[in-house]
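Trainee: I would like to learn how to read a structure feature by feature, starting with strands and ending with charged pairs. Could we take each general idea before the case at hand?

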Amino acid sequence: MRVVLRTLEKRQNANPSYSIFDYLIDEVRQYCESDSSLAISFLQQMLHLGKAIIIFDGLDEILEVGARRLMCSLIEQFSHTYEPCPVLVTSRIVGYRDAPLSPDFELHTLARFNREEVKDFSSKLIRVINQEAKSAAESKARDFIRQTEGTANDLRENPLLLGLMVYIFMARGDVPNNRPEIYRECSLLMFEKWDQRRDIIFKFPQDFDLLDLFGFLASKIFGDAEAEYGVSEDWLTKQLRQYFTVWYEDRAKSVQASKALVDFITGRAWVMCEVGPGTFKFTHRTFLEYFFARRIEEEAGGVISLVSDQIVGKAYNAEWDVVSHLALQIATYRSAPKSLQALLTLIDNGDKWNEDISKQQNYLDFLGRSLEYLTLPESNLIEAINFIFDRVIVLSKHAGFDGVEVVHSLLTACNKRSELVQRHLNAILAPVLEGESNDQRYFALRLIGTRYYGFRSGNGRNASAIIWTTFGKLRKKCKNDQYVRATKNLNEAQAYIEVYRDSLSALYAYQGLSLLTGGERDEAGFDFNPLGGIILAASLTRVMKTTRIRFDGLEFEEDDLANLIGLVASDLRGMWESGEIWKLESGTSDYHFLDLLGIVLEDFINEGTGRVRRSPKGTRLSECFLVYISLHLFSLRNSKGTSLEIIETIKTGLPNKREALEDLVEYYSCKLAEPQLEGAIRDLGAKLSAEFALCPVSTDVLQATN
């Protein structure tokens with residue numbers, strides 16, 4: 001049973017003897033044919049037997065602190081009288097510290113919602129608001145989830161903001177499709193409608209704009225680490241007096257208004273909440289960013305000055321990202337002329353900081369994401385894409401530049417015009433892929449071979465495959481040409497495998513061990529490390545049937561992997577027998593490759609031997625182990641391209657694994673029908689074990705040869 005505390009307070013003000021029990025009688029009487037005696041009898045039985053759950057809703061909505069404390073006492077007395085009944089009291093954090101319940105009550109704070117909780121909450125709230133059937137509410141909830149998927153996915157996790165957006169959705173029939181409008185609608189709902197709809201009236205002057213006031217406060221808080229953490233009532237009073245001194249000519253009136261607004265903000269404003277005793281901050285950081293974005297947009301005086309004076313420098317430095325996009329979106333909202341002004345100004349300023357690759361990437365990424373909301377004709381959209389992609393192709397030769405990220409941002413932002421954008425990008429890339437081998441072409445290959453981008457869970461569902469989908473036809477078109485190139489050049493072979501994930505054994509016949517170890521690279525070769533380690537790990541896990549390392553997304557054919565391991569092991573045996581193996585160099589000495597080999601060792605230790613010992617051992621498993629110890633040994637010895645600090649970090653745990661490694665060497669080398677394979681495993685395994693024992697690492701050790 002629910003007790004609405006503001007309603008209880010109102011009835012008590014009219015009748016001081018009115019109690020919580022009287023409130024429950026009034027609520028239950030309607031179900032007892034208006035018979036008070038029957039209602040009393042029913043309630044007493046339910047309460048004394050503990051058959052009811054009592055929810056006291058909205059403690060914070062009792063505005064006076066004294067009255068709120070008195071209500072806490074009444075709740076505590078009621079809960080002791082009817083101790084068998086569970087009691088739940090709801091309150092916003094703001095105001096609770098001034099009138100807390102006794103320690104007998106456990107204090108809990110609502111956590112953020114996950115996707116399923118958002119869906120469930122939305123459906124239930126819609127049912128309550130509209131009094132609809134469950135199926136109808138669930139249908140509307142799905143529509144709500146769909147509408148808020150792109151622009152408000154993170155906002156939905158906050159219970160307060162989610163509730164506000166559902167109310168907006170039900171009132172309008174939709175949710176605004178841009179964040180500034182969502183924030184504005186939420187703010188108006190909280191300021192002007194939320195409390196009024198619930199008969200809560202807070203008196204303060206009405207001859208100014210609350211949104212403007214909060215924009216003023218946000219401009220004083222944003223960027224100040226201490227103020228962003230929280231501000232005091234004294235700080236709010238000082239700032240509000242400054243605001244109202246400008247607003248009103250009468251000083252007394254400005255002081256009075258300041259006091260009223262401080263009370264409003266600290267008690268009922270909703271947009272700000274108490275985060276500590278007498279310390280307040282914006283309820284959600286995005287409200288702070290929204291109001292600050294409104295402020296700088298209003299003060300800029302126009303789109304061109306906003307972009308050139310406020311946004312360009314911040315975009316290069318990857319600062320104010322949310323604020324800059326919000327301000328630009330507010331300034332250009334549904335205006336093609338203003339959007340064009342913004343785009344041209346961004347393009348005109350796109351040649352700054354040419355010497356700083358990271359700043360260039362920041363700027364191109366910002367420009368690409370702005371295309372999500374700028375209202376542009378197709379010709380201007382194509383102009384923006386050309387500007388971005390021309391620079392991505394040129395800058396891709398620099399190691400610190402991630403062109404894939406820029407293209408991913410561009411494609412994601414232009415999702416609503418995907419057909420046009422994808423068609424144009426394919427047209428741009430086609431001649432690059434048909435041209436001569438150089439850094440630009442290798443980048444194009446890496447781009448069309450990007451299967452996922454972003455964080456990817458075990459099942460791959462959390463990462464975007466938009467790049468892979470975009471270039472599907474182009475990838476298929478250039479496959480034959482790329483294979484021919486791969487038979488003639490190591491870099492092209494590694495690029496082919498990176499993109500297509502097939503013909504491993506066939507290309508190994510052309511390129512040999514260099515296909516895995518890297519070998520010598522062309523001057524213009526694009527670095528596809530740690531390709532060899534990935535292929536090795538995938539091959540071993542497929543042959544060993546382990547599950548700890550998952551490479552399902554690599555899409556290699558199992559037979560191709562198994563054949564490759566056999567070819568590599570055969571070559572390594574031959575090189576060991578002839579003494580040529582000590583000339584082997586690993587070009588894939590990148591720390592990622594070494595780290596991956598360490599994971600493979602863990603796989604052998606944790607799962608490999610256990611599974612092998614439960615089944616007849618075959619030569620293939622020993623071949624897997626030979627390949628592993630060979631590449632791990634020579635990657636450690638040829639780590640001249642990797643910093644000593646990184647190698648030391650990787651090797652820190654190796655001495656502890658030395659005994660396990662020696663056991664593996666003994667196991668995989670014994671009772672083999674091929675003495676050559678057994679000898680190679682024992683010899684190379686002993687040398688790898690010695691490497692494991694050398695810790696801490698010294699420069700002399702790293703440069704050691706057999």
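Mentor: Let us begin with pairing: two strands pair if DSSP finds at least two bridges between them. Keep in mind throughout that this is a predicted model. Here β2 and strand β3 (residues 87-89) are joined by three bridges and run parallel, with Ile-55 standing opposite Leu-88 of β3.

Trainee: In which sense do strand β1 and β2 pair, and over how many bridges?

Mentor: Strand β1 (residues 2-4) pairs with β2 in the parallel sense, over three bridges. In that pairing, Arg-2 is placed opposite Ile-55 of β2.

Trainee: What is the order of strands in the open sheet, and which strands lie at its edges?

Mentor: The open sheet has three strands in the order β4-β6-β5, and their pairing is antiparallel. Its edge strands are β4 (231-232) and β5 (272-276), each of which pairs on one side only. Between β5 and strand β6 (residues 279-282) there are four bridges in the antiparallel sense, and Glu-274 has Phe-280 of β6 as its bridge partner.

Trainee: Turning to helices, at what angle do α9 and α13 pack, and how does one put that angle into words?

Mentor: Angles of 65 to 115 degrees count as roughly perpendicular. Helix α9 (residues 210-221) and helix α13 (residues 285-300) pack at about 100 degrees, and their axes are 8 Å apart; α9 and α13 are therefore roughly perpendicular to each other. On the α9 side the contact includes Leu-211, Phe-214, Phe-216 and Ile-221, while α13 contributes residues including Leu-288, Phe-291, Phe-292 and Arg-295. Sorted by class, the contact between α9 and α13 has eight nonpolar, two polar and four charged residues.

Trainee: What is the general idea behind a salt bridge, and how many does the structure hold?

Mentor: Side chains of opposite charge can pair when their charged atoms come close. The structure holds 26 salt bridges. One of them joins the side chains of Arg-369 and Asp-321, with an N to O distance of 2.7 Å. Arg-369 belongs to helix α17 (residues 357-370) and Asp-321 to helix α15 (residues 321-332), so this pair ties together parts that are 48 residues apart in sequence.

Trainee: Where do the partners of the salt bridge between Arg-441 and Glu-492 lie, and are they buried or exposed?

Mentor: In this salt bridge the closest N and O atoms of Arg-441 and Glu-492 are 3.0 Å apart. Arg-441 lies in helix α21 (residues 439-448) and Glu-492 in helix α25 (residues 490-500), so the pair ties together parts 51 residues apart in sequence. Arg-441 is buried, with a relative accessible area of 1%, and Glu-492 also counts as buried, at 1% relative accessibility.

Trainee: Which parts of the chain are linked by Asp-502 and Lys-479?

Mentor: Their side chains meet in a salt bridge at 2.8 Å, N to O. The pair links distant parts of the chain, 23 residues apart, with Asp-502 in the loop between α25 and α26 (504-511) and Lys-479 in helix α24 (residues 479-486). At 14% relative accessibility Asp-502 counts as buried, whereas Lys-479, at 29%, counts as partly exposed.

Trainee: Which residues are linked in a network of salt bridges?

Mentor: Such a network links Arg-172, Asp-174, Arg-184 and Glu-185.

Trainee: Finally, how many helices and strands does the chain have, and how much of it is buried?

Mentor: The chain comes to 35 helices and six strands, and 50% of its 706 residues count as buried.

Methods. Residues numbered from 1 in each chain as written. Predicted model: local features only at pLDDT ≥ 70, side-chain atom pairs only at ≥ 80, totals over all residues. Heavy atoms only, no water. Axes fitted to C-alpha atoms, helices over the stretch in contact; angles between N-to-C directions. Helix = DSSP H or I, 4+ residues; strand = E, 2+ residues; numbered from the N terminus. Parallel < 35°, antiparallel > 145°, perpendicular 65-115°, else oblique. Contact = heavy atoms within 4.5 Å. Nonpolar A, V, L, I, M, F, W, Y, C, P; charged D, E, K, R; others polar. Salt bridge = Lys/Arg side-chain N within 4 Å of Asp/Glu carboxyl O. Buried < 20%, exposed > 50% of the residue type's maximum accessible area, 1.4 Å probe, protein only.
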